[in-house]
Amino acid sequence: MSDLMLRVWEGLQYYWGDISYLTVQHMQIVAVSGALALLVALPLGVWMSRPANQRYAMASMQVLNVGQAIPKLALLALAMSLIGVGSGAAIFGLWVATLLPVAVNTYEGLRAVPQHLIEAAEAMGMTPRETLWKVEIPNAMNVIFAGIRTALAINVGTAPLAFLVGGGGLGELIFTGIDLNDFGMMLAGAVATALLAIAVDLTCGLLQNLTVSRGLRLAGRE
């Protein structure tokens, strides 16, 4: 175990310049695809949660399930055939793979808001829009953030495959290390990707603590 840790540390030191450069590429791909996924999945989850749209909710989730069920490598290959080689194909593939957790958790979080809270808001004269923004979304934030954190973890962990379609990122170290049988290079890329995933999750956790009220955070742990 100590020998493995030593080799990991040596690999990180030796390839630090490459790691720094490729991490920026990796984060750019993750940030763009993740932001696009949030822009689509959050409103979609809200739309599915509305009582008038319940007949379409399951069909919408089945469509999203198709994107999640397709192997990520096949999804990137499909994106490459549609868009071409480069970061565009990687962003498209990661965007599709990230949609489901956010949309489903947004839908389930909003549907799980206690009905008596909605009825109380209506009794106070709130419009459906006000009820959504002031009652439903705040009470569903814990569940919504869980979906966002899951989606971004999937995104960061899948992004190394972007190298195979010309998208760059830390996958360059991982797959080049495999091709060259360079264990240190492969480990440097893999460990850097894992640390990046942890950093993204911790950042999301911090944002969750800042956004969700203390009472709701404590209620979510019960």
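User: How many aromatic pairs does a search of the whole structure find?

Analyst: This is a predicted model. Rings pair if their centres lie within 6.5 Å. Searched as a whole, the structure gives a count of three.

User: What kind of pair do the rings of Trp47 and Tyr56 make?

Analyst: The ring centres of Trp47 and Tyr56 are 6.0 Å apart. Planes under 30 degrees apart count as stacked. The planes of Trp47 and Tyr56 are at 20 degrees, so the pair is stacked.

User: Where in the chain do Phe163 and Phe175 sit, and how many residues apart are they?

Analyst: Phe163 and Phe175 are a stacked pair, with 6.2 Å centre to centre and 15 degrees between the planes. Phe163 lies in the loop between α7 (128-158) and α8 (171-180), while Phe175 belongs to helix α8. The pair links distant parts of the chain, and the separation is 12 residues.

User: Which residues form the nonpolar patch on the surface with about 330 Å² of accessible area together?

Analyst: Patch residues need over 30% relative accessible area. Leu36, in helix α2 (residues 16-49), has 38% and is partly exposed. The patch is formed by Val32, Leu36, Leu39 and Val40.

Note on methods:
Residues are numbered from 1 along each chain as its sequence is written. This is a predicted model: local features need pLDDT of at least 70, side-chain atom pairs count only at pLDDT 80 or more; totals for chains, interfaces and linings use all residues. Side-chain values use heavy atoms; hydrogens and water are left out. Patches are made of residues with over 30% relative accessible area and no salt bridge: like charges are joined within 9 Å, nonpolar side chains (Val, Leu, Ile, Met, Phe, Trp, Tyr) within 5 Å. Accessible areas come from the Shrake-Rupley method with a 1.4 Å probe; for residues, only the protein chains shown count as cover. A salt bridge is a side-chain nitrogen of Lys or Arg within 4 Å of a carboxyl oxygen of Asp or Glu. Helices (H or I, at least four residues) and strands (E, at least two) are DSSP runs, numbered from the N terminus. Buried means under 20% relative accessible area, exposed over 50%, partly exposed in between (1.4 Å probe, protein chains only). Rings of Phe, Tyr and Trp (its six-membered ring) pair if their centres lie within 6.5 Å; planes under 30 degrees apart count as stacked, over 60 as edge-to-face and the rest as tilted.
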